[in-house]
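Welcome! Please take a moment to look over the structure shown here, and then let us walk through it together.

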Amino acid sequence: MEKVVDLTPVERPKKSTPWTAVSAKTKLTLIVASLIPGIVFLYFLIAADMDFMAGLILVFLPLQLVSSSLAGILILGRRGILDGMMITTTLFLGSFVFVLLMSVMWAVIERGFATLSPQFIYQNDVYVTPTTGLEIGGVGHAVLGTLLVVGLSTIVTVPLALATAVYLTETRGKSRGLIRTLLQAMSGLPSVVSGLFIYSMLIISGITSYAGWVGSLALIPLMLPTVSRVAEEALRLVPAELRNGALGLGASAWSAFSMVTLPAAKSGLVTAVLLGVARIVGETAPLLLTTSLANKTNLNILEGGISTLPTYLYGYVSLGYDTSIQRAWGAALVLLILVGILFIAARVASSPKSAKKRK
Amino acid sequence: MSELIEVVPPKRKLKVKASSTSDRVFYGISTAAAYSTIFLVVAILFFLSVRAWPTFERFGVINFVFGSGWDNTLENPSFAIGPMLYGSFLIAGIGVLFAVPMAISIAYFIEFMAAKPIAKATAFLVDLLAAIPSVVIGIWGLTIFSSVGAHWGEMLHNALGFLPMFENDAGNFLRTPFIAGIIVSVMIVPIIASITREIFSQIDKDLISASLALGGNRESTFRKVILPTASGGIIGGVLLALGRALGETVAIFFVLNLVFNEVNWFRIVLPEGGAIASLILAKFADATADEISALLAAGVVLFVFTLIINSIASYIVVKAQPWRK
């Protein structure tokens with residue numbers, strides 16, 4: 001007898017990954033296990049008037065640990081006990097980071113926006129005393145000062161750092177290991193020591209007095225390692241075949257670099273520069289040691305006091321009056337917005353999506 | 001034997017040296033830039049040491065580093081940074097103690113627990129925390145966190161005051177090493193978290209699957225497979241963060257009461273503490289010439305310590321990733 005092959009199609013499973021389905025019992029257990037400790041904790045907070053932090057650690061965490069290990073037993077059997085505890089601990093500690101971040105961001109945004117107004121952005125502080133109201137004066141001069149000081153260090157540092165990254169990746173120089181070690185060492189340089197270095201080199205020696213360009217110099221050792229390390233990574237990501245192909249076709253090292261490697265690594269290099277700028281734009285200590293505060297706009301970076309956003313913030317915090325601290329919050333918000341713009345720009349530049357779009 | 005005869009004369013000589021002018025300029029510029037790095041580091045060490053030398057000569061290195069007292073009003077001013085140096089390490093230690101569990105948790109959450117979009121968003125938030133300038137965290141610590149932290153310190157004192165660690169006879173819980181330590185931990189969490197995440201993401205997925213196939217659960221996989229594989233990288237990350245914590249200046253200066261005369265060994269909720277970087281900032285504004293030299297010497301000591309810690313850290317991080325060339 002001939003066997004007939006059954007050609008009726010098998011019904012396909014509705015879900016492509018049936019093993020991820022969660023049964024109703026499991027769902028219910030999870031919901032109950034995560035609700036009960038919260039409710040008990042709330043009861044302690046409201047009825048027993050317990051301190052939030054003490055309650056969180058003494059009541060909520062142990063209860064949640066017990067309830068999630070019970071849920072673990074119900075769902076997975078005995079080996080679920082430690083799993084439940086571990087998930088609880090991870091989420092608990094992880095959410096702490098989130099809470100801290102939100103607390104910082106919320107404080108800056110709330111208090112900063114209370115200070116922020118159009119004239120706060122563009123006016124300077126010529127007629128401002130520590131107790132002057134917020135209707136006059138602002139961070140205009142500090143924003144300009146930051147742009148000048150950070151701009152000058154960027155102009156000096158970026159070519160230097162990129163050329164160093166090129167030396168580390170494109171040449172077969174003998175001292176690559178040494179340079180890499182030194183960059184590593186420099187990236188650990190405390191910012192205040194960088195300020196002391198420039199101070200002892202230029203200001204104690206009497207070569208110059210406090211000025212914007214001295215501050216820019218103090219930022220260079222902080223920016224250089226960041227930019228060259230990220231740039232080195234970016235250049236390293238360019239496949240060796242591309243380079244060898246260009247060289248095999250007879251290109252000189254320079255044209256292979258400028259026409260093949262550089263375009264391929266462009267977005268990575270832009271990211272390197274942006275990260276470097278973001279690294280130094282909020283640096284306070286080196287600028288405190290090398291520039292002096294001014295309350296009027298100073299566009300001359302070569303001499304005279306110049307305010308930058310971090311030193312402005314520092315100065316007004318140290319004055320300690322309510323209104324001066326208000327001003328400092330405003331400056332913090334402006335600084336955070338600047339850093340945020342740089343941060344997002346670096347993200348956009350380094351994301352593979354935008355690189356594809358450009359093609 | 002006769003000499004080898006070149007049958008086809010080569011058009012280009014095969015040598016490593018650059019042949020065209022543009023190449024020579026290209027190599028020249030990059031080499032010059034790289035060597036300027038050496039120059040910069042040598043200059044930093046040279047100028048700091050030259051200015052700091054009188055202090056080291058006068059007080060002796062050991063006395064200056066481990067002695068205590070900082071007074072420029074005396075006939076014979078005395079400068080020593082023992083309490084500051086120890087205080088730096090105490091604060092950094094508290095910071096690391098708080099930061100490590102949080103950082104490992106969030107790295108584990110991102111790599112092994114969360115769904116992809118949530119993991120991406122969390123990683124973004126952690127990077128965002130890393131981007132916040134330390135002076136902004138400083139003003140947050142001063143105006144918002146200090147009172148909260150003082151309250152926590154007071155609770156610790158009330159509950160566990162019989163332990164010498166939580167002694168406090170000042171009746172005031174503001175400006176303590178405890179608060180400064182937590183502020184520092186906010187700054188170093190993203191550093192440790194990103195390095196840990198990097199290491200976690202490079203762990204061979206087959207190892208984890210093997211552990212699960214052998215009947216391991218989430219917890220035993222973490223304890224017996226993930227953690228041992230990643231421990232080197234985590235320790236390296238912690239040391240890098242420690243270096244950063246030691247060099248933290250402004251934020252600590254805002255929230256810590258500096259005491260120069262005696263070392264606060266372990267009483268973390270007492271408003272007495274020290275930090276070298278903050279010392280430099282605190283004493284710089286109205287320093288005498290002798291004092292400037294002493295501050296520079298303090299800077300040298302700080303640099304040496306961070307240099308040692310960073311070198312160990314980067315060595316460990318590289319060793320921990322043998323798969324990376």
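The paragraphs below go from confidence to the interface, then to salt bridges and one backbone feature.

Before anything else, keep in mind that this is a predicted model. The average pLDDT of chain A is 87, and 95% of its residues score at least 70. There is a stretch to treat with care, though: residues 354-359 of chain A have a pLDDT below 50. Beyond near neighbours in sequence, that stretch has three contacts in the model. Where pLDDT is low, the predicted coordinates should not be read in detail.

Now turn to the place where the two chains meet. On one side, 80 residues of chain A are in contact with chain B, and on the other, 75 residues of chain B take part. Together the chains bury about 7100 Å² between them, and 80% of that area lies on carbon and sulfur atoms. As for polar links, 14 residue pairs are in polar contact between chain A and chain B, counting pairs with both residues at pLDDT 80 or more. Which helix gives the largest share of the side of chain A that touches chain B? That is helix 3 of chain A, residues 80-115, with 21 residues. Sorted by class, this side of chain A has 57 nonpolar residues, 15 polar ones and eight charged ones.

How many salt bridges are there between chain A and chain B? The count is one. Its partners are Arg347(A) and Asp127(B), whose closest N and O atoms are 2.4 Å apart. To find the pair in the model, look for Arg347(A) in helix 13 of chain A, residues 322-350, and for Asp127(B) in helix 4 of chain B, residues 116-131. Arg347(A) has a relative accessibility of 34%, so it counts as partly exposed. Asp127(B) is partly exposed too, with a relative accessible area of 21%.

Over all chains, the structure holds nine salt bridges. Within chain A, Glu170(A) pairs with Arg243(A), and here the closest N and O atoms are 2.9 Å apart. This pair links distant parts of the chain: Glu170(A) sits in helix 5 (residues 140-170) and Arg243(A) in helix 9 (residues 240-248), 73 residues apart. Are these two residues buried or exposed? Glu170(A) has a relative accessible area of 15%, so it is buried. Arg243(A) is likewise buried, at 16%.

Chain A also has a network of salt bridges, which links Arg180(A), Glu232(A) and Arg236(A). In chain B, the side chains of Glu248(B) and Arg244(B) meet in a salt bridge, with 3.6 Å from N to O. The two partners fall into separate accessibility classes: Glu248(B) counts as buried at 7% relative accessibility, whereas Arg244(B) counts as partly exposed at 36%.

The last stop is a backbone feature in chain B. Although Arg175(B) is not a glycine, it has a positive phi of about 55°. Where does Arg175(B) lie in chain B? Its place is in the loop between helix 5 (134-160) and helix 6 (177-202) of chain B. With a relative accessibility of 34%, Arg175(B) counts as partly exposed.

Key: Residues numbered from 1 in each chain as written. Chains lettered and ligands numbered in written order. Heavy atoms only, no water. Contact = heavy atoms within 4.5 Å. Buried area = accessible area lost by both parts, 1.4 Å probe. Salt bridge = Lys/Arg side-chain N within 4 Å of Asp/Glu carboxyl O. Polar contact = N/O pair within 3.5 Å; in protein donor to acceptor, adjacent residues only side chain to side chain. Helix = DSSP H or I, 4+ residues; strand = E, 2+ residues; numbered from the N terminus. Nonpolar A, V, L, I, M, F, W, Y, C, P; charged D, E, K, R; others polar. pLDDT = per-residue confidence, 0-100. Buried < 20%, exposed > 50% of the residue type's maximum accessible area, 1.4 Å probe, protein only.
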